[in-house]
Amino acid sequence: MAGITRFEDLVAWQKARQLAREVYITTNKGLFASDFGLSRQVQRAAVSVMSNIAEGFERKRPREFKYFLTVAKASCAEVRSQLYVASDIGYLSNETFEYLLEIASEAARIIAGLHASIDRNNH
């Protein structure tokens, strides 16, 4: 992370931002938009991913950043779980489901890599 001074420059945060954007676009259409509970829950989980990355980065302590990355990765899992519900009840086409699932999975992989890099750089 040498040289990175803003959370906006982190690839993990950029991917999380993409996830949040795509979730909002998707949940504001069709049947999904009429399910206030599920749509808001998946939106909150997606926003939580990017928010936790940002908050952890700004704390400027590796141990705290790692904690917030763990929370962000867990929020990716929450998004994925909720996407399964939405798919199972017919709110998402298979194509949209797979697309969103891939973004959430990729975000989780990038977050895990960032978490591991903090360990490598601080030992």
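A residue is counted as buried when its relative accessible area is under 20%. With that cut-off in mind, I shall present a few features of this structure, which is a predicted model.

I begin with T26, which sits in helix α1, residues 11-27. Its relative accessibility is 13%, so T26 counts as buried. Setting aside neighbours within four places in sequence, the residues in contact with T26 are F32, L92, T96 and L100.

After α3 comes K60, which has a positive phi, near 65°.

Within α3 we find N52. The relative accessibility of N52 is 10%, and N52 therefore also counts as buried. Not counting residues up to four places away in sequence, N52 touches F68, V71 and A72. Between N52 and G3 there are 20 Å in space, C-alpha to C-alpha, at a separation of 49 residues in sequence.

Finally, I come to a helix pair. Two packed helices are described by the angle between their axes and the distance between the axes. For α4, residues 62-88, and α5, residues 94-121, the angle is about 165° and the axes are 9 Å apart. Angles over 145 degrees count as roughly antiparallel, and α4 and α5 are therefore roughly antiparallel to each other. Their contact comprises 18 nonpolar, four polar and four charged residues. The crossing of α4 and α5 is left-handed.

Definitions and conventions
Residues are numbered from 1 along each chain as its sequence is written. This is a predicted model: local features need pLDDT of at least 70, side-chain atom pairs count only at pLDDT 80 or more; totals for chains, interfaces and linings use all residues. Side-chain values use heavy atoms; hydrogens and water are left out. Axes are lines fitted to C-alpha atoms, for helices over the stretch in contact, and angles run from 0 to 180 degrees between N-to-C directions. Helices (H or I, at least four residues) and strands (E, at least two) are DSSP runs, numbered from the N terminus. Angles under 35 degrees count as roughly parallel, over 145 as roughly antiparallel, 65 to 115 as roughly perpendicular and the rest as oblique. A crossing is left-handed if the near helix is turned anticlockwise from the far one by less than a right angle, and right-handed if clockwise. Ala, Val, Leu, Ile, Met, Phe, Trp, Tyr, Cys and Pro count as nonpolar, Asp, Glu, Lys and Arg as charged, and the others, Gly among them, as polar. Buried means under 20% relative accessible area, exposed over 50%, partly exposed in between (1.4 Å probe, protein chains only). Contact means heavy atoms within 4.5 Å.
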